[in-house]
Amino acid sequence: MANSRFSIDNAIKTMRKDMSCLPVKRLLVAVLVLAGLWNESAFSQLKTIGIPFIRNYTRKEYNAGTQNWSVTQDNRGVMYYGNNDGILEYDGNSWQVYGIPNHSIVRSLSCDTNGTIYAGAFNEFGFLFPDNRGQLVYHSLSSKLDPAYRLFDDIWRIYKMEEGMLFHSFYAIFYVKDTAVTVVKFNDSFGYSGAWNNTLYIHRPGKGLYAIDLHGKDSLITDGAFFADRTITFLMPWKNSILAGTNNEGMYVLDDNRFRMWNCPVNAFLKENQIFTGMILDQDIYAIGTVQNGVVIFDTDGNLIQHISKSHGLQNNTVLSLFQDRHRNLWLGLDNGIDYIKLNSPITYLSPLKEIGAGYVSVLHRGILYLGTNQGLYYADWERLISKDFRYPDFVRIPNTSGQVWNLQVFGGKLICGHNNGFYEINGTSARHFANWPGGWICLVLPAYPEYFLGGTYRGLILIRKQPSTGSMTMVRPIAGFSESCREVELDDRNNIWIGHGYKGIFRLRLNERLDSVIWQTCYNSQHGLPSDYGNGLFTFNNEIMVSSVGGIFIFDWQKERFVPGEEYNAMFGMRKIDKVFQDTGRDIWYFQDNELSLLRQSYNGNLNPESLPFAELKDNFVIPYEHIHFINNRNIIISTQDGFLHFDPAQVKAMKSELSVLIRQVVTTEGRIIFGGNYRNDKGMSSVTRPYYQLEYLPYQYKDLHFEYTATSFDNSDNIEYSYFLEGFDRNWSAWSPVKSKDYTNLREGSYIFHVKARTLIDPPTKAVTFEFVINPPWYRSAFAFLVYVLLVMVAGYAIIRMVKKRIEREKNILRLKQKNELERKQKEFENEKLQAEQQIMNLKNEKLEIEVERNKTELESRTRELAAIAMQITYKNELLNQLKNKLIKVSQKINHDESKKQMMEMVRKLEEEHAHEEDWHLFEQHFDQVHENFLKQIKETYPSLTPKDLKICAYLRMNLSSKEIAPLLNISVRGVEISRYRLRKKLNLERDYNLIEFLMKI
């Protein structure tokens, strides 16, 4: 930022040269504008009023050595301190110490552009770099030196140059580039130094101030011999020149090629308190750490901006080191502890923390700022407060005002103090008690009675008068008819007095014309539209009576005589209870809600828009319901808190930068094994909050229970940071926001996971999520190799099983066959038995059926036989008849002599013979016979094809059991002829002599 000042100076010189032809007035205006721009840019970032917030880190808290000799910060925002015990690391949540090989005190630290932390100690220097687990490990650089160069005493300063790092001790100077160490100077006597523009400026005791380049070439600077016998503690650039600090003589500046004592307001102070260290802050602001009286911050003209010492909140007054972090706040390494000063905040304390008690009310009156607290009424001169000097005034308590102050109000040029003891009239730095009545809550002006005021007390109202002659305040009398506590009192445009009671509701009163009594009163509570009888706050806004309760804002409806929700105001403030509402001179609305202070800023078109305020650290620090804001002007706002009073400059809010970032600090197993130590390095070797893709972690399955720790590198609002996490591959959604800074996962399955975490504060939006990607390998029994083995084993086992199964199947088959055989045999036997039984039953049934059938067939056979016999008898009778007729015709023809008649007669005989020989009767007989005797004729013809039709007829007649005598007429032969035919038939049938022919034929 020094270059910005130089460029403005050059711009002014150029303007003077190039604009010489312009009127002097216009030139002067241009110069003044540039000067104004410079002043605004120079001082808009750092407050002079009040004491910045200070955070003390004690040795007990960081658990390391007492002294802290150096401070630096890496590009992720993590802080490092050169401590007696080593390199101390702080990420906003936890502390860790990294020791160095020889266990000496770390005197110096510096961070390069890659985020690597370099450290210097006694005969030792090196750097921190993460191992493959992300844990920082100290690597020595001095061990690379030739043994002849290893005894160089303490490294007191480390400077970041264009391409490397410069290490400076009182006996040597080393240059490190890419871990290669070059000896610039050795075995010489050096004092303290400074480095800028790639040049080292170093003090040589007894010789003076020299400039040394990286090749070791040195030269005495202009008037450098002036410091031959002086002890220099720091060297810094100053207005294109040099500023040098000495141990006991203060500061010198190089002016017109000569060093001279810097005649500025802070130099006398520094001479008395011994300079130890110094640094240049941004925008050409300087900070000097002293041995005896804390730290001093001043501008390039030596004007004091801040002086912060133990009396203002430091742990001790000896400042060993200074560092401005990336949020432009200041860290102090102390002789005992570490302190953090929030320089970049538009909020400061008006007095040392808690020194004057809890704040309740404030007012600026006649050049004096009055602060009312629970310990009394305090005052300080306003001009001395805003014009910073080393005689910064302490707030002094006005005598006789010890105790609770409730209210401060100016009436007619008089300041009235409402006190636990009643009311006081304040005149400058003295107080006069004029109303000895319990509890002075508030005063209320009565427009119709200019000389009178109402006083709200613990026990009703009192009447106060301003004496016309003297202008002093007096209590006239208590007002009769109302004795409730009157902490909140308002007057409407109808001359109604409204009183808010914390436990009974809202009262509306009317006084008589003499102002000595209440003529009527009404109490409004839950029966009149309010959500509750308790906790109702009364105030006026836009000249309208309002009540704030648990359901939001309620306004009085005169027609309904009850309170109704104020929808317009609830849309503005939300449906939650508001404790207090204030309106500044610009008509912006400030209100307290849920123990937070919020702002509605009025835009050019009259709309009210919410605006973020830097009050996150004040949450839960207000005195409810006695919050208070005093608007002095648009650059000076006083706010009361439990720890006293704050000064707020809204113009500096725009200058604040929020660079909240979140880090994954550690990933460990539940057994404590470190998986990741919290430090990433990208492919360029640069420290990063993002894990490079090639650093993917593959974890064995036994590491399935993991513990994640994370933090945000915010040192302003560390108590108000919330986190949300999401384990991709396990969780379905982001977690709810929580202040917890760790998360455990147990029994994770094998697979790929990405752990995401982000952070936010009350005023900062959520950060970009940082991630940790890892893979949990499956257990050995679920690994790819195991599955390959499983496949082989399955194949082998399958083959063995198949063979075994085949053998078993074969054996089982044999056993089954045997069983089946035995079973079959058993079944066969059973079947045979059952078959025999069934056959026997069937046989019996058949026999029975056969008997029935035989009997039936026998009957039918007999019937058919009778029919056949009848047919045969008919045939026999017909044949006999025909034969007789033929014989008679023959005899008659023998007796006829007429030839023709005889011829005709013989023709008739021939026809009778033909009729006798006709076979139709036989065919009819044969058909009926086979039906009766089951195809007997067909079977015997097939069996004995040599049988003649006559033989068949004889067989049929014999089957019918006809005698030879009965057969003869059927065949038209004699009985003898029948016998002969039977004989021949026996031969054709090959029957033995003794075998019965009829029995044989019956069996066919």
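The part I have in mind is the second largest cavity: by class, how many nonpolar, polar and charged residues does its lining have?

Modeller: The model is a predicted one, and what follows should be read as a description of that prediction. The lining of the second largest cavity has six nonpolar, four polar and three charged residues. This cavity belongs to a count of six cavities of 30 Å³ or more, and its own volume is about 60 Å³. Its lining is made by 13 residues, and G115, L136, N679, R681 and S687 are those that lie nearest the centre. Where elements give two or more residues to this lining, they are β9, at 124-130, and β60, at 680-681.

The peptide bond that joins I624 to P625 is cis, with an omega of about -5°. The phi of D153 is near 70°, a positive value in a residue other than glycine. Both features deserve a note because most residues other than glycine have a negative phi, and most peptide bonds are trans.

The helices can be followed through α11, which spans residues 949-959. With helix α10 (residues 936-943), α11 forms a crossing of roughly 130°, the axes coming within 11 Å, and α10 is therefore oblique to α11. The crossing of α10 and α11 is right-handed, and the contact is made by F936, L937, I940 and K941 of α10 together with L952, C955, A956 and R959 of α11. Divided by class, the residues of this contact are six nonpolar, no polar and two charged.

With helix α12 (residues 964-971), α11 packs at an angle of about 140°, and their axes are 10 Å apart, so α11 is oblique to α12. Here too α11 makes a right-handed crossing as it passes α12. In this packing K953, I954, Y957 and L958 of α11 meet I967, L970 and L971 of α12, and the contact residues comprise six nonpolar, no polar and one charged.

Helix α13 (residues 975-988) crosses α11 at roughly 100°, and the two axes come within 10 Å, so that α11 is roughly perpendicular to α13. The residues in contact are K950, D951, I954, C955 and L958 from α11, and S981, R982, L985 and K988 from α13. By class they divide into four nonpolar, one polar and four charged. Read across these contacts, I954 and L958 of α11 take part in the packing with α12 and also in the contact with α13, whereas C955 of α11 is listed in the contact with α10 as well as in the contact with α13.

Definitions and conventions:
Residues numbered from 1 in each chain as written. Predicted model: local features only at pLDDT ≥ 70, side-chain atom pairs only at ≥ 80, totals over all residues. Heavy atoms only, no water. Axes fitted to C-alpha atoms, helices over the stretch in contact; angles between N-to-C directions. Helix = DSSP H or I, 4+ residues; strand = E, 2+ residues; numbered from the N terminus. Parallel < 35°, antiparallel > 145°, perpendicular 65-115°, else oblique. Left-handed = near helix turned anticlockwise from the far one by under 90°. Contact = heavy atoms within 4.5 Å. Nonpolar A, V, L, I, M, F, W, Y, C, P; charged D, E, K, R; others polar. 1 Å grid on protein atoms, 1.4 Å probe; cavity = no way out; pocket = protein on both sides within 12 Å on 5 of 7 lines; lining within 4 Å. Points joined across faces, edges and corners; volume = space filled by probe spheres on them.
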